[in-house]
Amino acid sequence: MIAETICSAVSAAGLGIAAVSAYRKRFLTAARLAAYSLVPIGLVLTGVVGWAADTAFSLKAWIGFGVLGAAWLIFLGARAVERRFGGTRKERKAAKAARREAVAPTASAPSLGQGARPATARPTEKPRSAAPTEDFSDIEAILKKHGI
């Protein structure tokens, strides 16, 4: 009963404000305000407000909302685990088998090959001496290699 009274008062106040807006020649604003103002009284007349008031004070309804909330949390948790670990058990087994087949167990060489130079033509390393001035010979060799 109190909810119906409050909704009726809100509708009356909104229609009053809409009338003032129409008096000030703001007809579009007045029309919007009138439309919004009629919603609470429409909810009262359809019985939605009475149903909501009965539901709000019902222990049975709150237990139902709690059960729905728990179901929603379980569903979200299951979705998070599924995204993190990759779907169902069959999907995980299929992905694991595909990873095993992607690389042959006897493959030891890289699949891109050695490039233009053969593997036996690797440059031999020169023994480094203790003098720090000879470290620049490596840098000079690199610069000559690149044509600088």
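My entries below cover a helix pair, a proline and a surface patch.

**Entry 1: the helix pair.** I kept in mind that this is a predicted model. I started with helix α1 (residues 2-23) and asked how its axis runs against that of α2. The two axes come within 8 Å and cross at roughly 170 degrees. Angles over 145 degrees count as roughly antiparallel, so I put α1 and α2 down as roughly antiparallel to each other.

Next I checked which residues meet across this pair. From α1 the list includes Cys 7, Val 10, Ser 11, Gly 14 and Ile 17. From α2 I noted, among them, Phe 27, Leu 33, Ser 37, Pro 40 and Val 44.

**Entry 2: Pro 40.** I picked this one out of helix α2, which spans residues 27-46. Is Pro 40 buried or exposed? Its relative accessible area is 16%, and buried means under 20%, so I call Pro 40 buried.

What does Pro 40 touch, leaving aside residues up to four places away in sequence? I found Cys 7, Val 10 and Ser 11. I also looked up the C-alpha atoms of Pro 40 and Ser 11: they are separated by 6.2 Å, with the two residues 29 apart along the chain.

**Entry 3: the surface patch.** I then turned to the outside. Trp 72, Leu 73, Phe 75 and Leu 76 make a nonpolar surface patch of about 470 Å². I followed up on Phe 75, which sits in helix α4 (residues 59-85). Phe 75 has a relative accessible area of 51%; the cut-off for exposed is over 50%, so Phe 75 goes down as exposed.

Notes
Residues numbered from 1 in each chain as written. Predicted model: local features only at pLDDT ≥ 70, side-chain atom pairs only at ≥ 80, totals over all residues. Heavy atoms only, no water. Patch = residues over 30% accessible without salt bridge, like charges linked within 9 Å, V, L, I, M, F, W, Y side chains within 5 Å. Areas by Shrake-Rupley, 256 points an atom, 1.4 Å probe, with all protein chains shown as cover. Salt bridge = Lys/Arg side-chain N within 4 Å of Asp/Glu carboxyl O. Helix = DSSP H or I, 4+ residues; strand = E, 2+ residues; numbered from the N terminus. Buried < 20%, exposed > 50% of the residue type's maximum accessible area, 1.4 Å probe, protein only. Contact = heavy atoms within 4.5 Å. Axes fitted to C-alpha atoms, helices over the stretch in contact; angles between N-to-C directions. Parallel < 35°, antiparallel > 145°, perpendicular 65-115°, else oblique.
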